[in-house]
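Here is a short briefing on one protein model. Take a look at the structure first, then read the points below.

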Amino acid sequence: MIDTAVDSSLARFRESIRQGIPDSLPAPHVYNSNVNHAPKRKKILTKEEENLALRNALRYFDPKHHEVLLPEFKEELEQYGRIYMYRFMPDYEIKARDIEDYPHRSKQAAAIMLMIQNNLDHAVAQHPHELITYGGNGGVFSNWAQYLLTMKYLSEMTDEQTLAMYSGHPMGLFPSHKGAPRCVVTNGMMIPNYSQPDDWEKFNALGVTQYGQMTAGSYMYIGPQGIVHGTTITVLNAFRKIKKDPTGNIFVTSGLGGMSGAQPKAGNIAGCITICAEMNPKAVHTRHSQGWVDVVIKNTKDLVERVQQAQSNKETISIAYEGNIVHVWEALYDAQIEVSIGSDQTSLHNPWAGGYYPVDLSFEESNEMMSNHPEEFKKEVQRSLRRHVAAINKHTEKGTYFFDYGNAFLLESSRAAADIAGTDREFRYPSYVQDIMGPMCFDYGFGPFRWVCASNDPADLQKTDDIATAALERLSQDAPDRIQQQMQDNIKWIKGAQENKLVVGSQARILYADAQGRIEIARAFNKAIAAGTIGPVILGRDHHDVSGTDSPYRETSNIYDGSRFTADMAIQNVIGDSFRGATWVSIHNGGGVGWGEVINGGFGMLIDGSIEAEQRLESMLFWDVNNGIARRNWARNENAVFAIQRAMELNPQLQVTIPNEVSDDLIK
C-alpha cells in the first residue's frame, strides 16, 4: 500500500527543488534564536560598497520584488554584516535523502544534490541558517538564492552538461560531455594581493566571494566523523611517540565545533581521558546530546576533582569544559595534574570573527566586542594567546607533549608575540603533520578516503564496512612491514565503526587508506553495486590529505626543501582529477588554517556498478594520491621515496624522478 502522505510530501519536495527562486515572494522569515547562528560580522563596507552589496543581492530577483526586498536586505546587512536572504530559506527539511528522491536527469547531479543537503543538515552544519557548515565561516553558499538556483540547475542537468560554481554562485550549465565533471567548484580564488583576512570580510559582504573551508564549499563534509578517524590516529600516535599507554593519561585540547567536535570521541576510541574546552554553550549541548562527549563541567574546581577521579580509576572518559581553555591549563597546573599530550583546535585561522574567544570575557561579551569594537577585540585575543601559551609552556616544562593541530595556533600566537619561538625550528612546538601525520601517513599515501551510501540506508553502510574490512585484510597480508601499523590501525578502526556510532547526517564512512587500498575498496563497492547487493556509492575525501592541499603550516609542513609555500600540487591535483573521471571537483583559497594561507582541492565521484565507473575510479584514485607522494618524494621525504618506488612497481606506466642525495660533508 502506498503511503499517500509520504508520496505527497516527496512530490512537494521535488517541485520545490525544480522551482528554484520562486516567482512569488515567500513569507518573511522569523528569526529562530534556538539555532546556532553565525556571529555578526564587523562593519567593513563604505556607504557606496553597501549600495553595491544590495545591487548584487537584488540581481537574483525579478525587479517587481525589489521594492519589498531592498529594505529587508539592507536590514540584514546592518544587523548581521551579510545578506543571507533568510526569507528564501526552504520550508522542507534539509538533509541527505535517498538519491532517487531528488528530481534529476543525471544521477551524478543527484549525488551532488544529496551532498549539498548533507552539508546543510541542522545536525551537521555549525550555522545552518547562514549556510555555514563548520569553522565559523566555511560556507556552502553565501545566500539562499544561490542554494535555490544551484539545486534547480542540478535538477535539470544532463550528463552532457557541467555546472560552473563561482564562490557559491551558480554561473550556469555549460555544454560538456559524459567524461567531464558534472560540476566545477571554485571558492575564494582571489588575486594574491587581495587575500588578506579583511579582504574576505569585504568581498564576502559584497557577495562576490566566499570561504569554502575545505569540504564545506566542496560538498563533501560528513559531520565530525570526517575528522574523528584522523584525530584518533593522531592521538594514538602521539601517545606512542612519548611511549605512554593512553589508559589513565590525559589529553587536553579545545573546540567542540564542526571539526573540533570530533576530539572527545577520538579520545574515547583511543582510550584516554580527554578534556575539551568550548565557550559556545550551544556547541557543548550539541556534542553532548549527540553522544560525542560524556560529561559537561562548568567550573575548574569540579573539573579538577573529576579528572583526579578518572585518573585514579583509569577511566576512558571525555569531559567538555564549558568555558575558556586558558583556565583549564592554569587550573590543571595549579592542581599539579600531569597532562600527557595537549593541543588546540579552535578556529584560529579565523581569530577575529568567532574562531577564538579570549580569556576572562564571556561568550556574549566577546560576540559584542568582535562586532562593535573589532580592534579592541583583536587586542584581547592576542593578550589571551600570550597567556594561553605561557600556561602551556609551564606544562611542557614538566613533560607534556604539545602539538599544533593545524588550526594556526602557533602562527597566530607568534603574531601575538607569545613566547612560542623555537631554537632549531620556527616554533617551539611541532605541527601534528610534522611529527605524526606527515611522516606516518601522508608520505606513505595514507589519507582520509570517504564514501557515502547514496541510498541513505544504514544497512548499505554496514555492508560497505564489511566490504572495506575484507579488502584491507586481503591487502595487509602482502603489505610491507613499514606500513603494517597503518594497515592494522585502519582494520581496527573500520571494525569498530558501527559500535562507535559515528554517523551524523548521511550514511557515510571515513577510512585512512593509501592508493592501493582506496582502489581495492572502491572496486569492491562497484562490484557489489553491479550485483545489486548495495545501492550507488559516492566516493570522496577530505582535502586534508596526501595530495589535495598545499598548506605550509599544516598539510605540507613536513616539506623541507623550501617548496612548502608553493601551491602547484593542489592545482595539479584538481586538474588531473577533472579529466580522469571525477563527478565534481573543487579548488579553494582558505581552509582550516586561514584565508590566504592555503590552496586546497577536492573531488566527489559517484560509482554505479558500471564498467565505466570502474575505469574512472582506477584512473582517478591512483592519480589523486600519487601526485602528492611524488611531490613529497621530490622533497626528499624518505617514506615518500619508498612509497613512490612501490607505486612504480605496482604500475609500470608510472615514471617519477627520484631525488639524488647530497653529502652533508660536501655541503659543509
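The points below cover a sheet, a helix and a loop residue. The model is predicted.

**The sheet**
- Six strands form an open sheet in the order S8-S9-S7-S6-S10-S11, and the pairing is parallel.
- Strands S8 (295–297) and S11 (401–402) stand at the edges. Each has a single partner strand, so one side of each has no neighbour in the sheet.
- Strand S7 (residues 273–278) runs parallel to strand S9 (residues 317–322), and six bridges join them.
- Glutamate 278 sits opposite glutamate 322 in S9.
- Helix H8 (residues 263–270) packs on the sheet and touches S6, S7 and S9. The direction of H8 makes about 175° with that of S7.

**Helix H11**
- Helix H11 spans residues 325–334. Its buried residues are Ile325, Val326, Val328, Trp329, Ala331 and Leu332.
- In an α-helix, residues three or four places apart point the same way, because there are 3.6 residues a turn.
- Asparagine 324 caps the N-terminal end of H11. One of its side-chain oxygens lies 2.9 Å from the backbone nitrogen of valine 326.
- Just after H11, glutamine 336 has a positive phi of about 55°.

**Threonine 247**
- Threonine 247 lies in the loop between helix H7 (225–241) and strand S6 (250–254).
- Its relative accessibility is 37%, so threonine 247 counts as partly exposed.
- Beyond its neighbours within four places in sequence, threonine 247 is in contact with Gly271 and Lys314.
- Threonine 247 and proline 552 are 305 residues apart along the chain, and their C-alpha atoms are separated by 34 Å.

Definitions and conventions:
Residues are numbered from 1 along each chain as its sequence is written. This is a predicted model: local features need pLDDT of at least 70, side-chain atom pairs count only at pLDDT 80 or more; totals for chains, interfaces and linings use all residues. Side-chain values use heavy atoms; hydrogens and water are left out. Buried means under 20% relative accessible area, exposed over 50%, partly exposed in between (1.4 Å probe, protein chains only). Helices (H or I, at least four residues) and strands (E, at least two) are DSSP runs, numbered from the N terminus. A polar contact is a pair of N or O atoms within 3.5 Å; within protein, one must be able to donate a hydrogen and the other to accept it, and residues adjacent in sequence count only if both atoms are side-chain atoms. Contact means heavy atoms within 4.5 Å. Two strands pair if DSSP finds at least two bridges between them. Axes are lines fitted to C-alpha atoms, for helices over the stretch in contact, and angles run from 0 to 180 degrees between N-to-C directions.
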